[in-house]
Amino acid sequence: MAESYDAVVIGAGVFGAWTAHRLQRTGRSVALLDVYGAGNSRSSSGGESRILRMGYGREEIYTRWSLASLRLWIELFEQVNQPELFQKTGVLWTPAADDANTAFTLGTLEKCGVVFQYLTPAELTARFPQVRYSSERVGIFEPESGVALARRAVCAVVEDAIRNGVDYFREAALAPDGAEVRTRSGRVLRASTFVYASGPWLPKIFPEILEGRIRPTRQEVFFFGTEPGDRRFTPPHMPAWLDFTDERGAYALPDIENRGFKLAFDRHGPPFDPDTSDRLADGLDAARAFLAERFPALAGAPLVESRVCQYENTSSGDFLIDRHPDFSNVWLVGGGSGHGFKHGPMVGEHVTALIDGSASVEARFSLATKSREAKRAVY
Ligand SMILES: Cc1cc2nc3c(=O)[nH]c(=O)nc-3n(C[C@H](O)[C@H](O)[C@H](O)COP(=O)(O)OP(=O)(O)OC[C@H]3O[C@@H](n4cnc5c(N)ncnc54)[C@H](O)[C@@H]3O)c2cc1C
């Protein structure tokens, strides 16, 4: 027999968890499904930590959404008595002194009211001597930004949603069929609205429309151990750090929860299957070489952990938040493209407003703007 809801959300990663949470707040009955469980190790949201930063060059919508989302994250963490899920480490950008994008970032931060400090090359070196550059760099420091403990944060959103009345099922949903969705175990869920927030699995569920439009890529993450007693790579001495001037797109997170100093590259890796691919990192040599170059004190640091995750990239890096072209009651929500985590709360708010009819589809989030040719524009 079918179970009936106002809305069914498929996928309890950061996008689906927040969408279910926000939909429930509007008084709707909501079911939330996840095939492997909220924050599972195969999901893109399942990592230990994610940077919550405001800088996005000239892409103002993302700066505005980051700022609004940060407030919602902090509010939720306080409500559920887990304020530690946001760590206000600060976020440091270190673009080349002549990087054209810097002026856009500064202008957008200013316009959106983001607190930041601009550091000259001399100020940058004096304040963060643990980082070394081979060319002249300036600093943009966001003191209010930081890091979310990602997997735990997603679980906190889901637990809060359940406490408020959302029904949560560990089930694998099939593609929609009019007013109902079936799961692999035979469950039938009826609803007036379905939201597929299934991250890198979206192209598997909707191959005709999304294959090639959302491309999962393999991304590696390394954690290095610091010397006993060395606090230079731990907050407050070390903030989260991004270097998108470097073509590898390196970023690092300080030692949080004693996991070690985290280093990764934002450059897209090879194609990846989120269900079946093994997750054994093989880029240690490149990570070590980078460490020796940028963080000389960590040159010989031992690897204490590594992970393989996946991005779910759209052609431009813009999210996909739009109706299914054949089913007006089905929404496709994903394409986080390596930067979606921080925006979870605003994605949830926006999807709820779309379903309520109080917002319309943003052109840059529409399916029509998602081509099969990769042309990354958002970082
Ligand atoms: C290494 C790495 C570093 C990153 N760093 C950052 C960062 O610093 N800052 C930032 O903002 N973002 C970052 N991101 C990006 C961010 O983590 C993702 O954009 C975001 O987590 C995507 O969330 P999602 O909910 O769309 O997908 P997911 O988290 O993958 O969630 C989708 C869920 O759907 C479920 N599912 C799939 N198919 C079905 C089905 N048929 N039925 C039921 N359930 C199903 C899955 O089990 C999964 O839990 C990073 C990503 C990676 C991989």
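Strands, as named in these legends, are DSSP runs of at least two residues, numbered from the N terminus, and the model shown in every view is a predicted one.

**View 1. M238 in the loop between two strands.** The residue M238 is found in the loop that lies between strand β12 (215-224) and strand β13. A residue is called buried if 20 or more other C-beta atoms lie within 10 Å of its own, and M238 counts as buried because it has 24 C-beta neighbours inside 10 Å. Leaving aside residues up to four places away in sequence, M238 touches Q130, R232, F233 and P254. E257, by comparison, is 19 residues from M238 in sequence, and the two C-alpha atoms are 14 Å apart in space.

**View 2. The pairing of β5 with β13.**

**View 3. The open sheet of eight strands.** Both β5 and β13 belong to an open sheet of eight strands with mixed pairing, in which the order runs β6-β7-β5-β13-β14-β15-β12-β16. Strands β6 (117-119) and β16 (303-313) each have a single partner strand, so they stand at the edges and one side of each is left without a neighbour in the sheet. From one strand to the next, the twist averages 20°.

**View 4. The shell around the ligand.** The ligand is surrounded by 39 residues, of which the closest are G11, G13, G199, G336 and G340. At least two residues of this shell are supplied by each of α1 (14-25), β3 (50-52), β12 and β16. Domain 1 and domain 2 each contribute at least three residues to the shell.

**View 5. The two domains and where they touch.** The domain assignment of the chain gives domain 1, made of 3-45 + 151-214 + 316-369, and domain 2, made of 82-146 + 215-313. The centres of the two domains, taken over C-alpha atoms, are separated by 29 Å. Where they meet, 16 residues of domain 1 are in contact with twelve residues of domain 2. On the side of domain 1 that touches domain 2, the largest share, three residues, comes from helix α5 (residues 150-163). The residues of that side of domain 1 divide into five nonpolar, nine polar and two charged.

How values were computed. Residues are numbered from 1 along each chain as its sequence is written. This is a predicted model: local features need pLDDT of at least 70, side-chain atom pairs count only at pLDDT 80 or more; totals for chains, interfaces and linings use all residues. Two strands pair if DSSP finds at least two bridges between them. Helices (H or I, at least four residues) and strands (E, at least two) are DSSP runs, numbered from the N terminus. Axes are lines fitted to C-alpha atoms, for helices over the stretch in contact, and angles run from 0 to 180 degrees between N-to-C directions. A residue is buried if 20 or more other C-beta atoms lie within 10 Å of its own, exposed if 12 or fewer, and partly exposed in between; C-beta atoms are placed from the backbone. Two residues are in contact if their C-beta atoms, placed from the backbone, lie within 7 Å. A residue is near a molecule or strand if its C-beta atom, placed from the backbone, lies within 6 Å of it. Domain bounds come from an automatic or database domain assignment. Ala, Val, Leu, Ile, Met, Phe, Trp, Tyr, Cys and Pro count as nonpolar, Asp, Glu, Lys and Arg as charged, and the others, Gly among them, as polar.
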